[in-house]
Amino acid sequence: MLEDLVNDVQVQLHMICPSPTNLDTSATDDELWNTPWMRQTFECSHRDFCSQDDIVLPIILYMDKTGTDAYQRYSLEPILFSTAAIPRENRDKRYAWRHMGFIPSSKDLTKAVDKLQFHHDCLAALLGGIRAAHADPPLITIKDKITGSIMKKRARVPLMMIMGDQPSQDTLCSRLKANAGGAGRVHRSCMCSYMTVDDPSHKCHGVPQESMSQMTTFASLSDTEIAALVGSNQKEIAHLKRVRNMNRKFLEHPFGCYPIKNAFDGMDFGAWPCGVYDACVDDFMHSCELGLIKSVCDVLFEGLQHQESQRLEHLMNAKFHDTKSSVRNTYPRWRLNAGFSRQNMMTSTERVGSLFSLCLALQHEDIKSLVRKAHKRQIQKYEKFPETVNPKNTRESGLQSGDNSEGNSLSEASDSFREGCGKGDSSKYFFEQHCSCEFTEQQVSRLLTDMARHGFDLNIIRSLDVFQIRLLMIEANTLFKNDSITYPGRNIGIYYQQLGAQYTPNAEIVGVVFRACILSPREILGSHREFSFFL
């Protein structure tokens, strides 16, 4: 398939070579072969590139599940690929892509981890050709653009990016579908938790791919594999089962992923340090047209009551139905049929068009006043939200304020919310309810020692935030409550290495964990989380 694609785009194909730093590339700045990733790939994993014998064809994958019937009951997920050596203008054409295959639905499976493993097993079968090309670059036929001569070159095909929507990307990274309060990891490509995702001062750390891959290997140990490793030795069997259980728990909290064998393990991702976690990117349609634009449309149209929606549709149809323009074909496509304000059964382009048409319609006072009225009602809902923190104070203030309650609602809600936060008993945050941990420094040291003896890399803790450290220590305390844990008397491959009777964890790491466990809620949240809404 790769050679078939290359044959179809011979004329447009760009020969990617390591470029000197002083070369002017301003004419093609927006092309993928001029990205830092491409330059770094030549500097690290493809240093032995030879322009006479080799050709680099960075692979781009695209995946997006689609329904096969009108009611979306049966789905297939096609996998397409192209190469970054094709200029962007040509890569937008249909002939620049090839189908690798389809991933079938896993609806017959019940457990989430089984569904995910089935998906990756199917994907691994489809990626077998690329994996083989990484190990042994194939020879493909290339026609020289200048001389017209035919030559054979080795095709280097590092994976550059994988495009798709958020659910598909999370599936590829085996991430748990957790985005609400308490998420240990809110995005597949970094280690930010829900506590730090909105903190501009927080330094984001990449996913520790090698450590997570090792944890997945340990968590995937089967009883049969354990028996093959240690035979009938009950002490060693019990230890390996604890290792398996610990890694399963830690992968869930705080790392937020499933213990499955990833289809992309061991593949060549060029300069991406975290492999598939870095290479998964959101395409424009899902991130903008079906993401940002959809959210703006939801805010604008869903705030309208039924009669207001009908009124808006009538006014917009009256103003745009017979309007003619010589540049109409350059506008986003819109559909102003009855019921368009409900935003159902619309393509991504039509959704953009509906927002664009509303922007034009807002130039008219009657439509502007209608939308402003609905928007004001939505603002009042959000402004009054903090009043639910302290219902008693809210009811009293409402009775005393009389007709002036609407004008003072924001300031009263602010006072009520501040008072509740100060007392600490009106409304608890997730970590207060579920992540309450009080450990002495000696207890922290003992738990870290048990974790290290069970094969956990304590250096990972340096990349975790306070909330993730708390999640980790709560899981560890549950696993290692028993002080009389015994360990095998010999090394067991990669699953157990004797650390010696005098082993103690790094004092710096012990201090980091201990401080994370004793911080008060106010110190963890910071003033920007509690009161920024009212400042």
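At what angle do the axes of helix α18 and helix α19 cross, and within what distance do they come?

## Helices α18 and α19

In this predicted model, the axes of α18 (residues 441-453) and α19 (residues 466-479) cross at roughly 80° and come within 10 Å. Angles of 65 to 115 degrees count as roughly perpendicular, so α18 and α19 are roughly perpendicular to each other.

From α18, the residues V444, L447, L448 and M451 take part. They meet L472, M473, A476 and N477 of α19. By class, this contact has seven nonpolar residues, one polar and no charged.

## The largest nonpolar core

The largest nonpolar core holds 100 residues. Those with the most contacts inside it are L57, L61, F264, L448, M451 and F456. Helix α9 (residues 234-252) gives the most to this core, with six residues.

F456 touches M215, M246, F250, F255, M451, I461 and L472, leaving out residues up to four places away in sequence. Another core lies apart from the largest one. It has 19 residues, among them C288, C297, F301 and W334.

## Helices α11 and α13

Helix α11 (residues 284-302) packs against helix α13 (residues 348-361) at an angle of about 45°. Their axes are 9 Å apart. The two helices are therefore oblique to each other. The crossing of α11 past α13 is left-handed.

On the α11 side, the contact is made by M285, E289, L290, I293, K294, V296, C297, L300 and F301. On the α13 side stand S348, R351, V352, S354, L355 and L358. This contact has 10 nonpolar, two polar and three charged residues.

Note on methods. Residues are numbered from 1 along each chain as its sequence is written. This is a predicted model: local features need pLDDT of at least 70, side-chain atom pairs count only at pLDDT 80 or more; totals for chains, interfaces and linings use all residues. Side-chain values use heavy atoms; hydrogens and water are left out. Axes are lines fitted to C-alpha atoms, for helices over the stretch in contact, and angles run from 0 to 180 degrees between N-to-C directions. Helices (H or I, at least four residues) and strands (E, at least two) are DSSP runs, numbered from the N terminus. Angles under 35 degrees count as roughly parallel, over 145 as roughly antiparallel, 65 to 115 as roughly perpendicular and the rest as oblique. A crossing is left-handed if the near helix is turned anticlockwise from the far one by less than a right angle, and right-handed if clockwise. Contact means heavy atoms within 4.5 Å. Ala, Val, Leu, Ile, Met, Phe, Trp, Tyr, Cys and Pro count as nonpolar, Asp, Glu, Lys and Arg as charged, and the others, Gly among them, as polar. A nonpolar core is a set of buried Ala, Val, Leu, Ile, Met, Phe, Trp, Tyr and Cys residues joined through side-chain atoms within 4.5 Å. Buried means under 20% relative accessible area, exposed over 50%, partly exposed in between (1.4 Å probe, protein chains only).
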